[in-house]
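Here is a walk through one model, written for someone who would rather look at it than read tables. Have the sequence and the 3D view open side by side.

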Amino acid sequence: MDQTVLRPIMRDVQVMPIAGDALVVRRDGRTLLDRAALSIAHGAGVTVIIGPNGAGKSLLIRTLAGLVVPDLGRVTWAGSPPDRRRARRTGFVLQRPVMLRRTALDNLVYVLKLHGHNDAAGRVVAMQHLADHGLARVAATNAQRLSGGEQQRLALLRALVLEPEVLFLDEPAANLDPASTLAIERQLNVAVEKGLRVVLVTQDLAQARRLADEIVFLHKGRVLEKGEAHEFFRAPATAEARAFLAGDLVL
Ligand SMILES: Nc1ncnc2c1ncn2[C@@H]1O[C@H](COP(=O)(O)OP(=O)(O)O)[C@@H](O)[C@H]1O
Ligand SMILES: [Mg+2]
């Protein structure tokens with residue numbers, strides 16, 4: 001891995017489009033991703049991955065993000081395998097955020113510093129982002145004292161301040177109240193308008209309908225459907241997706 005000189009945001013480095021080709025992940029004798037294949041186009045938008053519990057959604061998103069190396073098949077970012085340098089252009093937000101025990105503002109300044117901003121510049125950028133996303137009033141609050149919803153909004157902002165080309169989110173609103181969930185969705189929409197590609201796993205079909213430009217339907221480790229969201233919800237092509245949307249237990 002090269003030790004590239006830190007440059008603030010590296011806008012010239014590209015990870016999109018992202019492709020997963022015949023991805024196989026096996027653990028303990030079980031095949032968890034079973035030749036899963038999909039591609040995510042270059043450009044702004046929201047790709048939502050849905051599917052039954054245990055379908056492999058978390059594993060798929062982690063594999064696309066370069067955090068899990070598949071046993072077979074391959075992931076490419078803009079045509080070549082994931083690498084740590086370009087990983088700076090990707091962000092990942094988990095279900096439960098881990099914030100540093102310092103102010104909300106300093107949590108943002110900290111990551112900006114890691115990416116080459118000096119303190120003064122980082123504070124300006126961080127404060128602007130907090131204000132843009134309705135969090136200015138908690139700037140000076142210890143991040144670990146914030147509500148769950150505020151912490152998750154801050155975690156999302158911590159990813160967004162680095163201006164990723166693509167942001168991966170694994171059930172970011174799973175434990176949140178409706179108001180916080182809507183605030184998160186608003187943050188995502190703002191970022192998408194500025195050019196971000198979002199790849200989101202959710203259990204919440206209403207959220208999928210609100211956010212998705214395209215849907216990936218995963219079932220038993222395979223991508224059974226991928227397509228334009230409106231079309232998917234109107235007329236899912238597979239019996240498995242129809243059953244899933246109808247709320248039937250899909251095993
Ligand atoms: N590291 C691992 N070792 C063994 N089994 C795993 C591992 N990670 C995930 N699994 C299993 O793989 C399946 C898919 O997991 P996951 O991707 O978390 O599904 P989903 O997010 O769709 O609910 C589950 O049955 C889970 O128990
Ligand atoms: Mg999961």
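Predicted model: local features only at pLDDT ≥ 70, side-chain atom pairs only at ≥ 80, totals over all residues.

What follows goes from the ground rules to the sheets, then the ligand and the helix contacts.

## Ground rules

Residues are numbered from 1 along each chain as its sequence is written, while chains are lettered from A and ligands numbered from 1 in the order in which they are written.

Helices (H or I, at least four residues) and strands (E, at least two) are DSSP runs, numbered from the N terminus. Two strands pair if DSSP finds at least two bridges between them. For directions, axes are lines fitted to C-alpha atoms (for helices, over the stretch in contact), and angles run from 0 to 180 degrees between N-to-C directions.

Start with the open sheet of 3 strands, which has the order 2-1-4 and antiparallel pairing. Strand 2 (30–40) and strand 4 (72–77) sit at the edges with a single partner strand each, so one side of each has no neighbour in the sheet. From one strand to the next, the twist averages 20°.

Strand 1 (residues 18–27) pairs with strand 2 in the antiparallel sense over 8 bridges. To find your way along that pairing, look for Val25 with its bridge partner Leu33 in strand 2, and for Leu23 with Ala36 in strand 2. Strands 1 and 2 form a hairpin with 2 residues between them, and Asp28 in the turn has a positive phi of about 50°. With strand 4, strand 1 pairs in the antiparallel sense over 5 bridges, and here Ile18 stands opposite Trp77 in strand 4.

Most residues other than glycine have a negative phi, and most peptide bonds are trans. Against that background, check the bond from Met16 to Pro17, which is cis, with omega near 0°. Pro17 is in the segment before strand 1. Ala22, in strand 1, has a positive phi, near 45°, although this residue is not a glycine.

Phe217 has Glu225 in strand 9 as its bridge partner.

## Around the ligand

Which residues are around ligand 1? They are Arg27, Asp28, Leu32, Gly51, Asn53, Gly54, Ala55, Gly56, Lys57, Ser58 and Leu59, with a residue counted as near if its C-beta atom, placed from the backbone, lies within 6 Å. By class, the shell has 3 nonpolar, 5 polar and 3 charged residues. Here Ala, Val, Leu, Ile, Met, Phe, Trp, Tyr, Cys and Pro count as nonpolar, Asp, Glu, Lys and Arg as charged, and the others, Gly among them, as polar.

Helix 1 (residues 57–64) gives the most to this shell, with 3 residues. Helix 1 also lies across strand 1, strand 2 and strand 4, running at about 125° to strand 1.

## Helix 5 and its partners

Helix 5 (residues 148–160) packs with helix 6 (residues 178–193) at an angle of about 15°, their axes 9 Å apart. That makes helix 5 roughly parallel to helix 6, a label for angles under 35 degrees. Gly149, Gln152, Arg153, Leu156 and Leu160 in helix 5 meet Ser180, Ala183, Ile184, Gln187 and Ala191 in helix 6, where contact means C-beta atoms, placed from the backbone, within 7 Å. By class, that contact has 5 nonpolar, 4 polar and 1 charged residues.

Helix 3 (residues 104–114) and helix 5 have axes that come within 9 Å and cross at roughly 25°. Helix 3 and helix 5 are therefore roughly parallel to each other as well. In this contact, Ala104, Asn107, Leu108 and Val111 in helix 3 meet Leu154, Leu157 and Arg158 in helix 5. The class count here is 5 nonpolar, 1 polar and 1 charged residues.

Note on methods: Parallel < 35°, antiparallel > 145°, perpendicular 65-115°, else oblique. Contact = placed C-beta atoms within 7 Å.
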